[in-house]
Amino acid sequence: MTDSNYQGDRPATATRHTVVVPNSINMVSVLGPGDEFLGIIEGAFDADIHVRGNRVALYGEPGEVALAERLIDELVAIIRTGQGVTSETVERVISMLRTETSERPADVLSLNILSNRGRSIRPKTLNQKRYVDSIDKHTITFGIGPAGTGKTYLAVAKAVQALQSKNVNRIILSRPAVEAGEKLGFLPGTLTEKIDPYLRPLYDALHDMIDPDSIPKLLAAGTIEVAPLAFMRGRSLNDSYIILDEAQNTSPEQMKMFLTRLGFGSKIVVTGDVTQIDLPGGTRSGLKVVEDILEGVEDVCFNRLTSHDVVRHRLVGRIVAAYDDFDARNDFSGQKAGKPGSRS
């Protein structure tokens, strides 16, 4: 029901609309415990919202009322998939609606990549969904963005999905063994023990997606290989899903070496953050120059994620955005190489 020219404290252009939530949907799922989600919705839209039973009355400018109505429709669609809605879900749906994209937030947030031990791995933002779609469509995909945007985690999830569906015979996960202020030769232990800390984030992602008891067997059989970038030289990798993480710490020569390992039936995903380069001073980052080199090459796609795509604690996104603003104000773009920072 829509009443044009609703009067009151709002201008004559304001409208009134009532949304009826299906009886099969528990209103607590839509509004949140203690009306937590309702509070978020009221704060996000320039509209008055009143709820009685399963009827939600919306009063305000037509654009705001239409967006609020779409939000309720999207939340209902998500709930129907069997997912639980959280305050984070509500905020992400609102953010997507504000971008005026053609993709439905419910479709983005309901895309199931992988399920393990009762837990599903899904994209949580529009850019993450586009990144995942790009991995499906292209042989080589680059995911470039700050820490916490899920670029490595989602790539590993897609790799495990491809292995389980037998689209590839093995997964190869690699990182350059470069870190701020450390050299391999000065670290204690054997070569394996020295390298292990650099590869630990990749092992951590695997443990979230595969039964931990089966990982040693898969590693021993070579079905999953986790190795530093230097171990890729001279190889041709067929029927493999290959991920290069922390690619900002490759030189242009190393990047070329890695990309030319691509064999038949294989797929490559390269992830990195060009604001967190730990290479020695004067060394160019292979990730920074590769887009200029490969621009326009068929079957290669570049995806950029931002602070809006951070899926760790919500404060992480604010921290990343604050650093971006600070760098922009102070023009630190030329000083970023060598700046240590957190990892994806």
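1. Among contacts in the protein chain between residues at least 6 apart in sequence, what percentage join residues at least 24 apart? The share is 70%, a contact being heavy atoms within 4.5 Å.

2. The model is predicted: local features need pLDDT of at least 70 and side-chain atom pairs count only at pLDDT 80 or more, while totals for chains, interfaces and linings use all residues. Residues are numbered from 1 along each chain as its sequence is written, and side-chain values use heavy atoms, with hydrogens and water left out.

3. The protein chain has 12 helices and 12 strands (DSSP runs of H or I, at least four residues, and of E, at least two, numbered from the N terminus). Of its 344 residues, 47% are buried, that is, under 20% relative accessible area with a 1.4 Å probe, protein chains only.

4. Leucine 71 touches Ile41, Phe45, Val90, Val93, Ile94 and Leu97, leaving aside residues up to four places away in sequence.

5. One aromatic pair is found in the whole structure (ring centres within 6.5 Å; for Trp, the six-membered ring). Phenylalanine 142 and phenylalanine 302 are stacked (planes under 30 degrees apart), at 4.4 Å centre to centre and 10 degrees between the planes. Phenylalanine 142 lies in strand E7 and phenylalanine 302 in strand E12, 160 residues apart. Phenylalanine 142 counts as buried because its relative accessibility is 0%.

Technical notes: Buried means under 20% relative accessible area, exposed over 50%, partly exposed in between (1.4 Å probe, protein chains only). Rings of Phe, Tyr and Trp (its six-membered ring) pair if their centres lie within 6.5 Å; planes under 30 degrees apart count as stacked, over 60 as edge-to-face and the rest as tilted.
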